[in-house]
Amino acid sequence: FNYHRVNLKITNTADVEITCRPIEISQVLLNVFTNAIDEVARLNTEDRLIELKTEKLSDSMLRILISNAGPQIDPAIQDRLFEPFFSTKKTGIGTGLGLSISRNIVENHGGQLY
């Protein structure tokens with residue numbers, strides 16, 4: 001965040017504790033944040049914003065929302081984002097596995113990533 005001068009806004013609307021495999025959930029957050037940083041780093045410095053917000057849906061369900069000020073994802077590729085080895089990045093940058101792995105981790109925790 002600091003290197004790319006990206007602002008992170010955290011809105012904690014849920015005061016909860018979750019039972020999870022923390023290293024795996026940390027990997028998911030890292031993957032999503034890395035993708036978001038890659039997009040907003042292209043913007044003017046004052047527009048570089050990523051927001052994390054949590055919402056308690058029930059006693060056993062938490063929603064974590066991550067949004068950014070970058071461009072909207074092209075609808076033509078939205079269905080492919082979670083395919084292994086699919087990437088919108090230039091050749092040699094990334095592996096195209098981050099979102100695929102992240103989705104599997106989240107689903108193994110009983111959740112959804114979209």
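**Group meeting: a walk through the chain**

Two helices and three strands: that is what this chain contains. Keep in mind that the model is predicted. Read from the N terminus, the elements come in the order β-α-β-β-α.

Overall dimensions next. The C-alpha trace spans about 40 × 35 × 25 Å along its principal axes. How does the radius of gyration fit a compact globule? For 114 residues, such a globule would have a radius near 13 Å. The chain has 15 Å, which agrees.

Now contacts. Take those between residues at least 6 apart in sequence: 54% of them join residues at least 24 apart.

What about burial? Of the 114 residues, 22% are buried. The chain exposes about 8,400 Å². Carbon and sulfur atoms supply 50% of that area.

Let's zoom in on helix α2. It covers residues 98-108. Which residues are buried there? Leu99, Ser100, Ser102, Ile105 and Val106. And what do they pack against? Helix α1, residues 22-40. Just after α2 comes Gly110, with a positive phi of about 85°.

Last stop: the surface. Phe1, Leu8 and Ile10 make a nonpolar patch of about 240 Å². Look at Leu8 in particular. Leu8 sits in strand β1, which runs over residues 7-12. Is Leu8 buried, exposed or in between? Its relative accessibility is 36%. Buried means under 20%, and exposed means over 50%. So Leu8 counts as partly exposed.

Definitions and conventions
Residues are numbered from 1 along each chain as its sequence is written. This is a predicted model: local features need pLDDT of at least 70, side-chain atom pairs count only at pLDDT 80 or more; totals for chains, interfaces and linings use all residues. Side-chain values use heavy atoms; hydrogens and water are left out. Patches are made of residues with over 30% relative accessible area and no salt bridge: like charges are joined within 9 Å, nonpolar side chains (Val, Leu, Ile, Met, Phe, Trp, Tyr) within 5 Å. Accessible areas come from the Shrake-Rupley method with a 1.4 Å probe; for residues, only the protein chains shown count as cover. A salt bridge is a side-chain nitrogen of Lys or Arg within 4 Å of a carboxyl oxygen of Asp or Glu. Helices (H or I, at least four residues) and strands (E, at least two) are DSSP runs, numbered from the N terminus. Buried means under 20% relative accessible area, exposed over 50%, partly exposed in between (1.4 Å probe, protein chains only). Contact means heavy atoms within 4.5 Å. The radius of gyration is taken over C-alpha atoms; the globule rule is 2.2 Å times the number of residues to the power 0.38.
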